[in-house]
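Here is a short report on one protein chain. Look at the structure first, then read on.

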Amino acid sequence: MDALPDFRVLNPTTLDEALAARAQHPDSMPLGGGTDLVVNIRRGIVAPPVLIDMNRVCELHAIKADAGTLELGASVTLSALAGHPDVIKHYPVVAEAAGHIAGPTHRNMGTIGGNLCLDTRCIYYNQSEWWRAANDHCLKTTGTMCHVAPKSRGVCFATYSGDLAPALLTLGAEVDVAGPQGKRTIPLEKLYIGFARQDVPVTETQGDGKYYHSLRPGEIVTAVRAENTPGLRSAYDKIRIRRSIEYPVAGVAVALIRKGNTLTDLRIAFTGTNPRPVLLAGTAELCGGPLDERVIKGLDALVRDQIMPMKTTFTPGHYRRRVAGVLARRLLIQLFES
């Protein structure tokens with residue numbers, strides 16, 4: 001890694017001050033724990049002239065978790081989230097996902113907002129400046145071709161790898177965002193637009209690995225919230241090359257409701273496989289009966305259709321798809337039988 005370039009750091013203490021700073025400096029970037037952003041700056045991937053440190057904005061540090069609702073400020077650290085007793089009790093999938101992220105020191109610094117807005121990754125993109133220059137820059141930086149899929153006709157296949165998003169997607173979460181045009185609330189699923197479809201042009205609502213979220217210029221995520229569902233059982237797990245300090249080869253969140261011997265509700269979300277976190281569509285059709293071979297085969301079919309990992313890591317895409325399916329089946333069986 002090279003030395004850090006020059007930049008200014010602004011330290012707002014209120015959300016209004018932070019938004020004013022973003023408006024005054026359009027090329028600025030918000031800074032949480034810096035565990036991803038600062039690394040990308042050092043690698044020469046991005047070079048914002050101004051960083052806006054969000055950690056002094058007190059209103060972004062709130063945690064509310066009870067039997068009814070979950071409300072989390074964007075600057076809450078991952079370690080605080082993973083160790084919060086009420087989150088562990090009522091929303092175990094969220095606590096488990098937070099506890100799986102990187103290593104302990106990263107979780108002490110990293111924030112909820114930073115993990116939700118994590119930049120997409122690729123073995124050609126997340127390298128040093130000299131490495132990228134020697135191998136020709138890729139589509140996600142200043143190049144004209146996606147090295148993962150050279151015939152992708154201008155579509156980037158970089159992968160989203162945040163752990164919190166799939167956990168929160170199974171809870172039907174929504175996010176608050178704020179920017180120059182005011183504040184708005186959107187479903188968390190609508191924050192991500194990285195579909196990477198070669199037969200569909202990149203637009204503001206259907207992006208790829210380079211255009212992967214729907215935030216408007218100057219907007220920041222300020223909070224995420226979800227409502228509890230009585231009887232919902234949930235868990236998160238992932239496979240990674242090392243046991244810590246590692247992004248997922250594939251990560252899976254599963255939430256379900258069992259009444260008697262009947263599966264009445266099923267929600268499954270993935271990370272580390274597509275340019276966006278994927279909330280699996282079609283799981284409702286697997287409900288209404290026991291957890292039998294029909295459900296398992298149906299789940300496998302949904303994974304094959306919707307999980308589309310490319311070789312954006314050092315593990316083959318077909319291996320990551322298989323890992324995703326195995327993790328999903330394992331968690332489904334464990335939660336149903338618990």
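## Salt bridges

A salt bridge is a side-chain nitrogen of Lys or Arg within 4 Å of a carboxyl oxygen of Asp or Glu. This is a predicted model: local features need pLDDT of at least 70, side-chain atom pairs count only at pLDDT 80 or more, and totals for chains, interfaces and linings use all residues. Residues are numbered from 1 along each chain as its sequence is written, and side-chain values use heavy atoms, with hydrogens and water left out.

By this rule there are nine salt bridges. One of them joins Lys238 and Asp163, at 3.3 Å from N to O. Lys238 lies in strand S9 (residues 233-239) and Asp163 in the loop between helix H8 (129-134) and helix H9 (164-169), so the pair ties together parts 75 residues apart in sequence. Helices (H or I, at least four residues) and strands (E, at least two) are DSSP runs, numbered from the N terminus.

## Buried or partly exposed

Buried means under 20% relative accessible area, exposed over 50%, and partly exposed in between (1.4 Å probe, protein chains only). Lys238 is buried, at 6%. Asp163 is buried too, at 2%. Arg267 and Asp265 form another salt bridge, at 2.9 Å from N to O. Both Arg267 and Asp265 are buried.

Glu174 pairs with Arg225, their closest N and O atoms being 3.6 Å apart. Glu174 sits in strand S6 (residues 174-179) and Arg225 in strand S8 (residues 220-227), 51 residues apart. Glu174 is partly exposed, at 31%. Arg225 is partly exposed as well, at 27%. Asp176 joins Glu174 and Arg225 in a network of salt bridges.

## A three-stranded sheet

Two strands pair if DSSP finds at least two bridges between them. Which order do the three strands of the open sheet take? The order is S1-S3-S2, with parallel pairing. Strand S1 (8-10) and strand S2 (29-31) are at the edges with a single partner strand each, so one side of each has no neighbour in the sheet.

S2 and strand S3 (residues 50-53) run parallel and are joined by three bridges. Met29 has Leu51 in S3 as its bridge partner.

## Two helices in contact

Contact means heavy atoms within 4.5 Å. In H10, Val295, Ile296 and Leu299 are among the residues that meet H11. On the H11 side, the residues include Ala328, Leu332 and Ile333. The residues of this contact divide into seven nonpolar, one polar and four charged. Here Ala, Val, Leu, Ile, Met, Phe, Trp, Tyr, Cys and Pro count as nonpolar, Asp, Glu, Lys and Arg as charged, and the others, Gly among them, as polar.
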